[in-house]
Structure formats: C-alpha cells, structure tokens
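Here is a briefing for a reader new to this structure. Look at the model first, then work through the points by topic.

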Amino acid sequence: MTLQLDHHDHARPDTGPDAGGSVQRLGGRIGARIDGVRLGADTSAADVALVRQAILEHKVVFLRGQHHLDDAGHIAFAEKLGPLTTAHPTVNTGSSRVLSLAADQGMAANSWHTDVTFVDRIPAFSVLRGVTIPAYGGNTVWANTVAAYAALPQPLRALVDELWAVHTNEYDYARTSENTASHDSTQVFSREEFTREVFETQHPVVRVHPETGERSLVLGHFVKSFVGLNGRESAELFNLLQNRVTRLENTIRWTWQEGDVAIWDNRATQHYAVADFDSQRREVRRITVAGDVPVAVDGRRSVVVRGDAAAFSDLDALIS
C-alpha cells in the first residue's frame, strides 16, 4: 500500500465504506485512539486498512476494550499487517511469536529505544497488548522520530543525512536503565540472555520510510557509536540528537488499562516504558511485524557487522 500525503503531511484515508472504526487524534505530532474496531482473526479488510493508515499517519494508535484477545487472536490480527518475526532474536519467553514482558519491579524497556535496531531488518510494527496492569504507574511514552528529523535546523540535517551509527544488543537496558542495582527474577530478562548471541549493525542515522517516503531518525539506546567518531564525540552527538527526539512536543504518554492494545510504527518512533509501579505486577505481550532493511538518503542499505538475523525475520517473506 502506498500512502498518499496531502500538503499538511497527514494521511488521506482510503479505507472504503465498510470500515466500522473511527480515528481520534490525541496529539499534534503523535498518537491517535481508534474506536469501533474489534481486533482478531475476523477484523475486516476495511478496518485493517483504517488501522494501518492511522498508524502510518499518527505513528502510534491505541484501542481500548480488546479483552477478548488471547495470544491466538493477537497473532491472527498482527498477521493482517504483514509477515511476523519470531518473538525476539535472543530472548525466549515461552512462545515462538509472543514476547511476554512481565515484571514486578522495574522493566527492561525503561530507556528510550526503537525495537531491535541491533539487527539489519528493523521490525515494521509492534502490537502490544495489556494483560496485567498495575493500579498506578507503568505508563508507556512514544516519540515521533519523523517529527524530530523535520524540526532539525539545516546544519544538523546536513550532518545526520550523511551519518551512520553502530547498533548492538551489547548496549542493552543494563547500560541505561535507572534500575541497575538489581537484575534478578523481577526483571523481564537478564543481560546474559539478552546478549547470548551478539548482533551488531551499521544503520544510517536517517532512513527513508518505505511506505510514506518520510525521513526519520534511527537512534535509541542500542546505539554504540557513530561511524568515524570516537567515543566521546559519539556520546556528545548522541545526546544532542536524542534530546531532539524526546522533546515533550514529540511525545505521547499512554495510561494503560487491561485490554488495551497499542500499535506503533517502529520505523518512525522510539518508546520508553516507565518503571514507576513499585512491586505491583505488570505484564504486556508483544507481537512484531517484520520490516525491511533501512535505506539511507543516498540509497545505501544498512550493513551487518556481526550476527545473522535470518531466523528472526525472513526478508524474502516481505517480497510478495
């Protein structure tokens, strides 16, 4: 599907007369709520088209009241958005497709990141379902990396259009999380499991979105360094650019309820799960839709340095 954009860069819906849902914008730069759509194996083609276009325009969408979903229904709906990846390149939480993120003290995702950028084939969409939600805390925040790029002054755009970064899972949450004092059974998974196979990939810092043609920043906590820069230079430049991504104007914060589903464009966002729910239990379950290898402004594609992600995501399945 090719997304048509008007002069305001908003998607023009082309979902047909049978779409039963409606889209309510939540923020000026990111976020929308979709009402009137029941997710699952029987979601109509018109409603799937409505959801997909809303994701591409608003970067992350939220649907309340999806209590009927189990893992099977969750998978069946996600498959309507495209071929699926395995649950994760290294972590095993008991399912080939569903990554369970459960914790009762802290989380592995409480730093800004785009999912799985340490492999060459960055996922397209993530579909996250709220299973057990604490009485308070545990919100998730998303940031629009397309808006962040668009707001860069021209000198910074000229720099990042030519810049490449090394991403690796050796630079996981244990490096950036505030909860570094203890990584025990309360955590989603351990650093040892997360890095049992090491991946390293060079990505362009600016990628061209394969569906919208928009330019977005590819950053987040898996960045190890920038190609051609030393460690200090990389750290200073990373902080400068990350701060641009996570400006409050680029973000939306979602207060979870059980039965909620959040779906985001992983090629155009970062997100951060806030670990402020004390010792309450929190579980969300994620299914990932496969994506392609990022393409830079000059047409070059990301380069694998270490690791083979073929078992995680089949690039051939995207060609159909």
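Ala 32 stands opposite Val 61 in strand 3. Strand 3 pairs with strand 2 (residues 32–35) in the parallel sense, over 2 bridges. Two strands count as paired if DSSP finds at least two bridges between them. Helices (H or I, at least four residues) and strands (E, at least two) are DSSP runs, numbered from the N terminus.

This is a predicted model: local features need pLDDT of at least 70, side-chain atom pairs count only at pLDDT 80 or more, and totals for chains, interfaces and linings use all residues. Residues are numbered from 1 along each chain as its sequence is written, and side-chain values use heavy atoms, with hydrogens and water left out.

**Confidence**
- pLDDT is the predictor's confidence in each residue, from 0 to 100.
- The protein averages a pLDDT of 89, and 86% of the residues score at least 70.
- Over residues 1–14 the pLDDT is below 50, and this stretch has 26 contacts in the model beyond near neighbours in sequence. Contact means heavy atoms within 4.5 Å.
- Residues 172–187 also stay under 50, with 36 contacts beyond four places in sequence.
- Where pLDDT is low, the predicted coordinates should not be read in detail.

- Buried means under 20% relative accessible area, exposed over 50%, and partly exposed in between (1.4 Å probe, protein chains only).
- In a regular strand the side chains alternate between the two faces of the sheet.
- Rings of Phe, Tyr and Trp (its six-membered ring) pair if their centres lie within 6.5 Å; planes under 30 degrees apart count as stacked, over 60 as edge-to-face and the rest as tilted. The count comes to 6 aromatic pairs.
- Phe 62 and Trp 254 are a stacked pair, because their ring centres are 4.1 Å apart and their planes lie at 0 degrees.
- This pair links distant parts of the chain: Phe 62 is in strand 3 (residues 60–63), Trp 254 in strand 12 (residues 251–254), 192 residues apart.
- Phe 62 is buried at 0% relative accessible area, and Trp 254 is buried at 8%.
- Phe 62, Trp 142, Trp 254 and Trp 264 form one aromatic cluster.

- Helix 1 (residues 45–58) is largely enclosed by the rest of the structure, because 13 of its 14 residues are buried.
- Lys 59 follows helix 1 and is found in the loop between helix 1 and strand 3.
- Lys 59 has a positive phi of about 75 degrees although it is not a glycine. Lys 59 counts as buried, at 2% relative accessibility.

**Other loops**
- Asp 278 is not a glycine either, and has a positive phi of about 55 degrees. Asp 278 lies in the loop between strand 14 (269–273) and strand 15 (282–289), and is exposed at 53%.
- Gly 220 is in the loop between strand 10 (215–217) and strand 11 (223–226). Gly 220 counts as buried, at 1% relative accessibility.
- Beyond its neighbours within four places in sequence, Gly 220 is in contact with residues including Trp 112, His 113 and Phe 238.
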